[in-house]
Amino acid sequence: MLSVLRVHLPSDIPIVGCELTPYVLLRRPDKTVTTDDVPESVPLDGHFLRYKWCRIQSDKKVAVCSVHPSEQATLQCLGCVKAKIPVAKSYHCSPKCFSDAWQHHRVLHDRAASAVNENGNEEEEIFGRYNSSGSGVINASLTGSASSTSLTNGSTPLYPAAVTQRSGGETWFEVGRSKTYTPTADDIGHVLKFECVIVDAETKQPVGHPNTILTSRVIPAPSPSPRRLIPVSGADMLGNLQSDGRVSSSGSFTVLSYNILSDSYASSELYSYCPSWALSWPYRRQNLLREIVGYRADIVCLQEVQNDHFEEFFAPELDKHGYQALYKRKTNEVYSGNIHTIDGCATFFRRDRFSHVKKYEVEFNKAAQSLTEVAVQTTQKKAALNRLVKDNVALIVVLEAKFSNQGADNPGKRQLLCVANTHVNVPQELKDVKIWQVHTLLKGLEKIAASADIPMLVCGDFNSVPGSAPHSLLAMGKVDPMHADLLVDPLAILRPHSKLTHQLPLVSAYSSFLRGVGLGLEQQRRRMDPTTNEPLFTNCTRDFIGTLDYILYTGRFILPESIDC
């Protein structure tokens, strides 16, 4: 007979808006083991699985810490209460928590006071983004309202919403009847119970005892501070923005580059300072999707996208938002894990703004093999390949704009755009390999540029700080022969140093802040490194804070209007 061997959750702490999918291990009648579902529509040996989710609501009210949402609050900031700041932001789990968070917390008080002075009773509007239930429309689409969630959460047909059970000082509200459940704002601070039971297909009665697991208290999804476009060309961008935030001028488009951190790298060993729930893929994928969709970029370049996540999540989800997807998986000569979890580069573009013309795939492993054949002595070939082969790739896409900024003198000219997307994932000590990969990519782009007079964008995570040789090559078109990075070249692949040049007129996007005037520009310049004209950081971890990611464009063809900060 069908039996349940084990039930557990990937993460003990449920988060609002993040789907919970329990792991249910079954033993079939033939003694084989499976994790496949056995629904009522397809019973197995006369039996199927029935699921139920309940919210356990205690008579005792529980407040959650605003800084550490997995902890119960022990104190409340009365200043927040007086200032009518959303109550969820007023709770803290300890005096030390409140003290450590004060520098950020006091900003809430300052903004509340400013809102009262300037705008009367507009605190609700200003502090709405700090609401513990998430942000506006996007959050509502993920979690729904309390009444509708109980009816539609998961994929089961509708069922009565007011199913409750009383036990001691607790009330159990039935909130779902499918295997998966997405916590809502109503669940915050409460424990969820998942129940799985085998049911006789004929009598519809349970067979044996149900298997149950309890979660920790549901916590709210942290809401990131909103970002905004800062005009850099001196023009008034407000006239060019649609109501949904997208640029509307005929020749304008937006581009986003983002290393999303592959799930295979998001380990507790590497990020021990992050709570496990914040590293879990079900939590991160919803946040990533919400953020990416929220930018409404016309072109999206993502790095570290796992093969299975591209096929099963990003491609279908972004397709719903009007994006066409292209992908290049890394090669696997070095990688020894599951082929489905190897990562790569994904480029998406809005179908209503662009059409796909051509795709080029760059495999640096192949370039390494060609290089060693002609430039490395036979006795060094094996060592050279071990050094050069890193499985990195680049995805180059040629798009045709469906909008036009051509004048009346060129009414029929096609407006093409070449977009390169790469991740130069090379250990820091292999400086020669990093420079060589960037140089190889640029030479490939030069060939495309020679065949067509075409604007170019180069996006990616280059794992190179401003002022390094790879950055100099990208942004300046050459590398100083005396640059310290060139001292590391055991295979002599960078010699002569005079060859480390390219003719593409590339300009780093953030250097645009050097032009124009305005309060936003002045504030942003304070976040820039004045010696390199790049941001102080695009990557911030416990062990490293610095800039590794860039968007570059051919200045002869493209003029930035605004940059998101």
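What is the mean pLDDT of the protein chain, and what share of its residues reach 70 or more? In this predicted model, the mean pLDDT of the chain is 83, and 83% of its residues reach 70 or more.

**Confidence**

- Over residues 119-152 the pLDDT stays under 50, although the model has 60 contacts beyond four places in sequence for this stretch.
- Residues 155-162 likewise have a pLDDT that stays under 50, and for them the model has 17 contacts beyond four places in sequence.
- Where pLDDT is low, the predicted coordinates should not be read in detail.

**Nonpolar cores**

- The largest nonpolar core has 42 residues, and those with the most contacts inside it are Leu388, Ile396, Cys418, Trp436, Leu442, Leu445 and Phe462.
- At least two residues of this core come from each of helices H10 (364-375), H11 (381-388), H12 (431-451) and H13, and from each of strands E17 (393-401), E18 (416-423), E19 and E25; helix H12 gives the most, with 8 residues.
- Leaving aside neighbours within four places in sequence, tryptophan 436 is in contact with Phe364, Ala367, Ala368, Leu371, Leu388, Ile493 and Leu494.
- A second, separate core has 25 residues, among them Leu2, Leu26, Val38 and Leu192.
- In soluble globular proteins, nonpolar side chains tend to be buried together.

**Aromatic pairs**

- With ring centres required to lie within 6.5 Å, the count comes to 14 aromatic pairs.
- One of them joins tryptophan 281 and phenylalanine 313, whose rings are 6.4 Å apart centre to centre with 75° between the planes; the pair counts as edge-to-face because that class takes angles over 60 degrees.
- Tryptophan 281 lies in helix H8 (residues 281-295) and phenylalanine 313 in helix H9 (residues 307-319), so the pair ties together parts that are 32 residues apart in sequence, and both residues are buried.
- Phenylalanine 462 and tyrosine 550 form a tilted pair, at 6.3 Å centre to centre and with 50° between the planes.
- This pair links distant parts of the chain, 88 residues apart, with phenylalanine 462 in the loop between strand E19 (456-461) and helix H13 (469-476) and tyrosine 550 in strand E25 (residues 549-554).
- Phenylalanine 462 is buried, with a relative accessible area of 0%, and tyrosine 550 also counts as buried, at 4% relative accessibility.
- Tyr51, Trp53, Tyr181 and Phe194 form one aromatic cluster.

Notes:
Residues are numbered from 1 along each chain as its sequence is written. This is a predicted model: local features need pLDDT of at least 70, side-chain atom pairs count only at pLDDT 80 or more; totals for chains, interfaces and linings use all residues. Side-chain values use heavy atoms; hydrogens and water are left out. Rings of Phe, Tyr and Trp (its six-membered ring) pair if their centres lie within 6.5 Å; planes under 30 degrees apart count as stacked, over 60 as edge-to-face and the rest as tilted. Helices (H or I, at least four residues) and strands (E, at least two) are DSSP runs, numbered from the N terminus. Buried means under 20% relative accessible area, exposed over 50%, partly exposed in between (1.4 Å probe, protein chains only). pLDDT is the predictor's confidence in each residue, from 0 to 100. Contact means heavy atoms within 4.5 Å. A nonpolar core is a set of buried Ala, Val, Leu, Ile, Met, Phe, Trp, Tyr and Cys residues joined through side-chain atoms within 4.5 Å.
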